[in-house]
Protein chains: 2
Amino acid sequence: MRPGDRLEIHLPAGFRFSAGSAGIKASGRPDLALVESAPATTATAMFTSNRVVAAPIEVGRESLLASRGRVRALIVNSGNANCATGPAGIRNCKAVCSALAGLLQVSPQEVFPSSTGIIGVPLPVEKVVSQLPELVAKRAATHKAVRAFAEAIMTTDTKPKIASARFVANHRTINMLGIAKGSGMIHPQLATMLVYLFTDLVATPAQLKRLLRNTCSGTFNCISVDGDTSTNDTVLLMASGESGVHVRDAAVEAKFHNALLGVCRSLSEQIVADGEGVKHVVRLKIEQARTRDEAMQIARTIAHSLLVKTAFAGADPNWGRILAAVGRSGVPVNPRRVNIFIGSELVCRGGVSLPFPAIKVHAEMSKPNYEIRIRLGRGRATATYLTTDLTTDYVRINAEYST
Amino acid sequence: MRPGDRLEIHLPAGFRFSAGSAGIKASGRPDLALVESAPATTATAMFTSNRVVAAPIEVGRESLLASRGRVRALIVNSGNANCATGPAGIRNCKAVCSALAGLLQVSPQEVFPSSTGIIGVPLPVEKVVSQLPELVAKRAATHKAVRAFAEAIMTTDTKPKIASARFVANHRTINMLGIAKGSGMIHPQLATMLVYLFTDLVATPAQLKRLLRNTCSGTFNCISVDGDTSTNDTVLLMASGESGVHVRDAAVEAKFHNALLGVCRSLSEQIVADGEGVKHVVRLKIEQARTRDEAMQIARTIAHSLLVKTAFAGADPNWGRILAAVGRSGVPVNPRRVNIFIGSELVCRGGVSLPFPAIKVHAEMSKPNYEIRIRLGRGRATATYLTTDLTTDYVRINAEYST
């Protein structure tokens with residue numbers, strides 16, 4: 001599953017989707033999206049690590065606690081992040097949840113909210129609420145409705161992001177669907193990564209939580225476009241239970257984990273590849289680290305280095321910048337044991353320059369996707385991290401603003 | 001003392017300067033610079049925190065230890081960083097020091113080396129050595145020689161960086177001179193900050209060390225253009241003792257510290273303002289932090305945020321990006337207590353948006369230098385940090401490369 005792949009959608013039973021335009025976006029494009037789920041649905045969520053969090057994050061976190069991981073509906077608006085909006089922001093968010101709960105005859109705590117868009121601007125709550133009846137009326141378990149949902153949650157994204165998987169367990173087919181938005185950056189305000197994962201497996205919220213945490217650490221936590229963390233980032237996993245197959249069986253769990261990982265990996269790659277101004281997606285493989293933590297620390301330092309990212313933009317085999325980033329990562333690396341490969345070519349051995357076919361390496365770095373391997377000679381731990389180049393387009397997009 | 005100010009040069013007694021062209025730079029521009037100092041000269045140095053260090057850093061550190069802080073000469077080449085060059089790099093560096101020591105009849109350990117320029121390329125040691133006799137012959141204690149030295153150590157710098165101060169202590173005049181290079185970034189390889197500080201005060205290496213460490217923490221360690229740390233960064237402080245005035249007197253120390261701080265602050269500002277592509281230098285003032293460390297941590301996170309830096313490029317009063325950087329800094333800040341000022345205007349109160357005169361704030365942010373204050377409401381510690389915008393020019397310059 002690679003960015004851009006056209007995937008078949010395997011619709012998990014127990015979910016109905018819809019989308020519409022509430023007029024939050026000045027463009028009039030779709031900006032409101034709904035999922036309704038079956039009565040037995042369990043859920044777990046992971047939120048931004050930013051101390052500054054938007055109102056829907058606070059409300060969603062409280063609701064999941066209060067409902068003990070029961071979710072009957074998901075309501076997402078784009079065009080307004082409902083962040084830095086104070087107590088009024090919380091009231092507005094709860095008003096939307098309550099209105100939807102009334103229409104669906106569920107508890108307000110079973111409605112999970114998300115917002116993405118401009119920050120510091122009050123959410124136009126009447127516009128949202130008045131659009132809800134139509135959204136509820138047209139909800140459907142169709143591919144078309146899934147695509148409409150994926151499009152309505154977009155902000156700076158240039159394409160909708162969907163990934164899907166299925167597997168057979170206990171003679172039944174289990175479906176897995178993921179929908180995401182996020183292009184890792186912001187125009188004109190903070191971008192947000194929102195990820196919604198749906199399955200028809202039976203699972204407790206605790207089981208979902210453990211699996212989701214484990215999956216995120218190797219996927220959504222291993223991507224970077226600009227190193228900034230949004231105030232609204234959310235990953236929500238919902239299990240309708242409609243397949244009747246329970247995840248507690250170890251064989252089922254293994255298959256489910258695998259499907260979840262595949263879907264999350266694909267969505268991660270789609271998010272990175274859709275970063276504004278991005279021309280190259282680079283897979284950093286850190287090898288021979290002492291621990292995974294130190295491998296991740298080095299990966300993050302390289303992934304966020306402006307000098308490395310601008311070298312990527314120029315398809316410049318400037319391994320000195322990579323080596324210097326390793327050196328300032330805070331990990332006590334011995335540079336004399338560091339080997340760096342660009343694609344299959346060894347360009348730095350033992351921290352020292354090495355003659356290499358520059359034209360071939362430049363050609364490798366001109367591809368939209370390629371790999372750089374850094375061997376540390378310290379141990380056996382590894383980490384893989386997706387990063388991007390930094391282009392003049394990125395700066396132009398993020399510097400433009402009309403006050 | 002602000003960037004661009006034309007400062008009078010106060011030449012400390014006991015130092016002679018010269019510069020020349022050894023042909024390391026393909027352009028034929030000056031690339032070799034020498035300082036010879038009086039026999040009683042003491043010195044201390046601070047080096048890059050990068051684990052990957054260039055040969056001159058290793059040699060210089062060893063020599064200072066071996067000579068117990070005695071330095072009789074400083075030899076700097078630009079155009080080649082002598083980094084990632086392995087054992088041959090160390091041998092080449094020592095060969096240059098030995099050749100110069102022979103000419104000046106001092107110990108090789110009393111010669112302090114520096115290099116800046118491209119990494120991973122062997123230092124053309126014969127070219128350097130053959131130029132040394134001419135350099136030694138023309139050394140002089142003149143303003144012209146100081147300027148020639150400052151120009152010969154430049155790489156991507158667009159202007160030489162000199163700052164000077166003088167003060168009277170014990171009825172004598174003490175002079176302080178600083179020369180630096182560095183524009184915070186790299187073309188085509190790693191940029192380096194080199195700072196040389198000269199005084200005619202009497203001081204032990206230990207006294208110099210304490211004063212230099214203290215001064216750097218508030219000046220060179222509080223600036224950022226791109227967040228990358230060079231493999232060659234060096235700050236060297238030399239005291240010739242020629243004034244006969246000793247720093248051990250508390251009143252003298254206070255005056256000297258003040259002069260040192262002024263010179264280092266000016267050089268810091270000159271380095272930041274000369275960052276390639278830089279159009280705006282922003283002074284971040286973090287106030288009401290619990291400790292200086294946490295104030296610095298927040299300052300660094302804001303200073304390095306791509307979203308904040310691109311907003312600066314567009315003179316965009318996008319305080320949401322600043323608040324979000326505070327939130328992800330790792331300091332347990334309560335966003336509801338955060339106030340943000342751009343210039344004199346309060347733009348965010350208690351973490352919430354506030355109507356503000358956008359045109360006035362945009363005008364403030366259009367200035368080449370301005371201030372942003374972030375009040376945390378946690379305590380009484382502060383930090384000041386200089387950062388820059390990130391422009392398309394920066395990316396263009398750092399992405400260009402000919403393999």
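Start by selecting H11 (residues 392-399) of chain A and H8 (residues 306-313) of chain B: the crossing of these two helices is right-handed, meaning that the near helix is turned clockwise from the far one by less than a right angle. Helices here are DSSP runs of H or I with at least four residues, strands are E runs of at least two, and both are numbered from the N terminus. This is a predicted model, in which local features need pLDDT of at least 70, side-chain atom pairs count only at pLDDT 80 or more, and totals for chains, interfaces and linings use all residues. Residues are numbered from 1 along each chain as its sequence is written, and chains are lettered from A in the order in which they are written.

Stay with the pair: H11(A) and H8(B) pack at about 70°, their axes 8 Å apart. Axes are lines fitted to C-alpha atoms over the stretch in contact, with angles from 0 to 180 degrees between N-to-C directions. The two helices are therefore roughly perpendicular (65 to 115 degrees). Now show side chains: Val395(A), Asn398(A) and Ala399(A) meet Leu307(B), Thr310(B) and Ala313(B), where contact means C-beta atoms, placed from the backbone, within 7 Å.

Next, select strands E6 (161-169) and E7 (172-181) of chain B, which run antiparallel and are joined by nine bridges; strands pair if DSSP finds at least two bridges between them. Look for Lys161(B), whose bridge partner is Ala180(B). At the turn of this hairpin, Asn170(B) has a positive phi of about 50°.

Finally, go to E11 (residues 339-342) and E14 (residues 369-375) of chain A, antiparallel and joined by four bridges. Here Ile342(A) stands opposite Ile372(A).

Note on methods: Angles under 35 degrees count as roughly parallel, over 145 as roughly antiparallel, 65 to 115 as roughly perpendicular and the rest as oblique. Two residues are in contact if their C-beta atoms, placed from the backbone, lie within 7 Å.
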